[in-house]
Amino acid sequence: MIMERKRKSVFSTSAKTYTKEARVKVDNPVLDNSVLDRDKIRSRFTVVSDLLSDTLGTYRHLQARDVEASPDTLKATFELEEALRRAKNHLSTASARNGHISTDSSAEAVSAQGILPVLPPIVDKVLKRAVFTHPGVSNDTEKTYDRLEILGDAYIELIATKLIWKRFQEIPSGRISQIRELLVKNETLAEYATGYGLDIKAAVPQDYLKQPKRWTKTRADIFEAYVAAAIISDPIDGYRVVENWLTQLWLPKLSELGNQKPILNAKETLARRIMGKGIKLRYIDERPPAQQSPGVQTFFVGVYLTGWGWDNKHLGSGQGPNKTIAGNEAAHQALSNERIVEEITCAKRAHEAKIYK
């Protein structure tokens, strides 16, 4: 009899009935903006994520000193931190679409590369607070990222250069500089800062959020400061951990570049074959450079010959991320036109034969 009453209280038609919409709200209370708005949700995620990050930092600190930590605990902490980070990214992106924060698409740009590698810890809590404190908020340089971002910038340049130098061993120094700029420019670092939710934790002047260029620079500075703090807070293993992390972070961008072939000096080869006394070989801009993305342009250069019976003869055109590469491509195209090169070479030999008769 008692069991029958219990069944009725749970299963009978007199029990409270939920609509589909109501059931969603019960099962997923965070979706109901009347209960918790997105800012509160994001704030709670940030607090929990910080606690997990601190725990992970402690484990890594202990491991660096050969103190054993449970592999299962470490794995669980990594997975929880990653899940919370992705949740924060989702909330940040949604808020951006609703106009609550900066409207750029940095979070989407980072997430499009795939799952970000786990953020290294900052063991020193004083440095960690400084990383997220803008100089405009505090006059004490020891409590802001004012000095840290300078050091972090140097570390990032060094690690990026070393990575590119090892990965593309046959490319010239100029190309190394171009690829490095892709990895270390403010736009790239700002994307990473947003992807990891570092910008959400930062105390910055409120008007910065309404100034896209300044906010991009600020986010990049925060990322640089984080790199420096993560390294110097762990003198034993900090640099190695950060270098491994940045390497994993940058690999998707380097993979997009494909195999970088060495740039042979086609200009010199072309000059040796067709140049002579009084002969002019000019490399000129054929049209204005095209802006591909912030800080990245494509240049268009053509090579023209005056001499050996030709006046301003077009030999080839090329394009590239700077005028040197574009000009070299133009010379390479000219050399690939064997018919015209042979014709010019014959005219050169005929002229020289007359002189030395």
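The model is a predicted one, in which local features need pLDDT of at least 70 and side-chain atom pairs count only at pLDDT 80 or more, while totals for chains, interfaces and linings use all residues. Residues are numbered from 1 along each chain as its sequence is written, and side-chain values use heavy atoms, with hydrogens and water left out. The protein chain contains 15 helices and three strands, where helices (H or I, at least four residues) and strands (E, at least two) are DSSP runs numbered from the N terminus. Of its 357 residues, 39% count as buried, a word that stands for under 20% relative accessible area, with exposed meaning over 50% and partly exposed in between (1.4 Å probe, protein chains only). Among the contacts in the protein chain with a separation of 6 or more, 65% come from residues 24 or more positions apart, contact meaning heavy atoms within 4.5 Å.

**Packing of helices 7 and 8**

- Two packed helices are described by the angle between their axes and the distance between the axes.
- Helix 7 (residues 148-167) packs with helix 8 (residues 173-184) at an angle of about 130°, and their axes are 9 Å apart; axes are lines fitted to C-alpha atoms, for helices over the stretch in contact, and angles run from 0 to 180 degrees between N-to-C directions.
- That makes helix 7 oblique to helix 8, given that angles under 35 degrees count as roughly parallel, over 145 as roughly antiparallel, 65 to 115 as roughly perpendicular and the rest as oblique.
- Helix 7 contributes Ile156, Glu157, Ala160, Thr161, Ile164 and Trp165 to the contact, and helix 8 contributes Ile176, Ile179, Arg180, Leu183 and Val184.
- By class, the contact of helix 7 with helix 8 holds eight nonpolar, one polar and two charged residues, where Ala, Val, Leu, Ile, Met, Phe, Trp, Tyr, Cys and Pro count as nonpolar, Asp, Glu, Lys and Arg as charged, and the others, Gly among them, as polar.

**Packing of helices 11 and 12**

- Helix 11 and helix 12 pack at an angle of about 145°, with a distance of 7 Å between their axes.
- On the side of helix 11 the residues are Phe223, Val227, Ala230 and Ile231, and in helix 12 they meet Gly238, Tyr239, Val242, Trp245, Leu246 and Leu249.
- The contact of helix 11 with helix 12 divides into nine nonpolar residues, one polar and no charged.

**Aromatic pairs**

- There are five aromatic pairs, under the rule that rings of Phe, Tyr and Trp (its six-membered ring) pair if their centres lie within 6.5 Å, with planes under 30 degrees apart counting as stacked, over 60 as edge-to-face and the rest as tilted.
- The rings of tyrosine 196 and tryptophan 245 have centres 5.9 Å apart and planes at 65°, so this pair is edge-to-face.
- Because tyrosine 196 lies in the loop between helix 9 (186-195) and helix 10 (198-201), and tryptophan 245 in helix 12 (residues 238-256), the pair ties together parts that are 49 residues apart in sequence.
- Tyrosine 196 and tryptophan 245 are both buried.
- Phenylalanine 223 and tryptophan 245 form a tilted pair, at 5.5 Å centre to centre and 40° between the planes.
- Phenylalanine 223 lies in helix 11 (residues 212-232) and tryptophan 245 in helix 12, so this pair ties together parts that are 22 residues apart in sequence.
- Phenylalanine 223 is buried, as is tryptophan 245.
- Ring pairs link Tyr192, Tyr196, Phe223 and Trp245 into a cluster.

**Helix 9**

- Helix 9 is mostly covered, with eight of its 10 residues buried, among them Leu189, Tyr192 and Gly195.
- Glycine 197, whose phi is positive, near 75°, follows helix 9.

**Single residues**

- Alanine 229 is found in helix 11 and is buried, with a relative accessible area of 0%.
- Not counting residues up to four places away in sequence, alanine 229 touches Ile122, Leu127, Val131 and Leu148; the C-alpha atoms of alanine 229 and leucine 148, which are 81 residues apart along the chain, are separated by 6.8 Å.
- Aspartate 221, also found in helix 11, counts as buried at 8% relative accessibility.
- Aspartate 221 touches Tyr145 and Glu149, again leaving out residues up to four places away in sequence.
- Lysine 143 lies in the loop between helix 6 (125-131) and helix 7, and at 54% relative accessibility lysine 143 counts as exposed.
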